[in-house]
Amino acid sequence: MMERIHESGIVCTDDPTRLDFDVIHGYLAQSYWSAHIPRQLVERAAQGSIAIGLYDGEAQIGYARVISDGTTFAYLADVFVLDAYQGRGLGTWFMQQILDHPNLQDLRRWLLTTQDAHAFYERLGFVHNPFPERFMVIAKENPYAPAEA
């Protein structure tokens, strides 16, 4: 298990027993990338990933999950730090702990998608896809949205 402590006392850990799905689902269901996602899908996604939480005492203040084979590839998803904790450098520190996770070293490729945080991730070493001609995707835009009446 990975656990790191920020100089401010904020804890980053992959301990699955600490995950607060009220907080995680509450944030993700309002996000642009997972709007309306059902809670059971958030919980199932965490179970199939390395789920990493950020905590102020017992309160969950951030979350990310990494889908990976632990050897060659990792996809970073659902990254957030609650608004009240932003602007303190915690997001950068959180991401560095994720990238330094002992089970995710020596990977050949990390991948993520973002609508609006390109500059943030570029500071951490991510670049725009250098081989867009090689990547393909099936994208279902907002599959969790309620059916239109």
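In this predicted model, the secondary structure of the chain comes to 4 helices and 6 strands, and if you follow the chain from the N terminus the elements come in the order β-β-α-α-β-β-β-α-β-α. The radius of gyration is 16 Å, close to the 15 Å that the globule rule gives for 149 residues, so the chain is as compact as a globular protein of that length. Taken along the principal axes, the box that the C-alpha atoms fill is roughly 45 × 40 × 30 Å.

If we take the contacts between residues at least 6 apart in sequence, 58% of them join residues that are at least 24 apart. As for charge, there are 11 positive and 19 negative side chains, and the centres of these two sets lie 6 Å apart.

The largest nonpolar core has 27 residues, and the members that touch the most other members are Leu54, Leu76, Phe94, Met95, Ile98, Tyr121 and Phe126. Which elements give two or more residues to this core? They are strand E3, covering 50-56, strand E4, covering 59-68, strand E5, covering 73-81, helix H3, covering 90-99, and helix H4, covering 118-123. The largest share, 6 residues, comes from H3. Apart from this core lies another one, of 12 residues, and Phe21, Ile37, Ala46 and Tyr55 are among them.

The buried residues in H3 are Leu90, Trp93, Phe94, Met95, Gln97, Ile98 and Leu99.

Leu90, which has its place in helix H3, is buried with a relative accessible area of 2%. Which residues does Leu90 touch, not counting those up to four places away in sequence? They are His6, Ser8, Ile10, Ile61 and Tyr85. By way of contrast in distance, the C-alpha atoms of Leu90 and Pro130 are separated by 28 Å, and these two residues are 40 apart along the chain.

The next item is backbone geometry, where I would ask you to look at two residues. Most residues other than glycine have a negative phi. His36, although it is not a glycine, has a positive phi of about 70°; His36 has its place in the loop between helix H1, covering 21-28, and helix H2, covering 39-47, and at 43% relative accessibility it counts as partly exposed. Asp78, another residue other than glycine, has a positive phi near 60°, but Asp78 lies in strand E5 and, at 11% relative accessibility, counts as buried.

Leu107 is found in the loop between H3 and strand E6, which covers 109-111, and at 15% relative accessibility Leu107 counts as buried. Leu107 touches Ser68, Gly70, Thr71, Thr72, Phe73 and Ala74, not counting residues up to four places away in sequence; with Ala74, the separation is 33 residues in sequence and 7.3 Å in space, C-alpha to C-alpha.

Gly48, in the loop between H2 and E3, is exposed, with a relative accessible area of 58%. Gly48 and Arg65 are 17 residues apart in sequence, and their C-alpha to C-alpha distance is 9.2 Å. Ala119, finally, has its place in helix H4 and counts as partly exposed at 46% relative accessibility.

Methods: Residues numbered from 1 in each chain as written. Predicted model: local features only at pLDDT ≥ 70, side-chain atom pairs only at ≥ 80, totals over all residues. Heavy atoms only, no water. Core = buried A, V, L, I, M, F, W, Y, C linked by side-chain atoms within 4.5 Å. Buried < 20%, exposed > 50% of the residue type's maximum accessible area, 1.4 Å probe, protein only. Rg over C-alpha atoms; globule rule 2.2 N^0.38 Å. Contact = heavy atoms within 4.5 Å. Lys, Arg positive; Asp, Glu negative; His and termini not counted. Charge placed at Lys NZ, Arg CZ, Asp CG, Glu CD.
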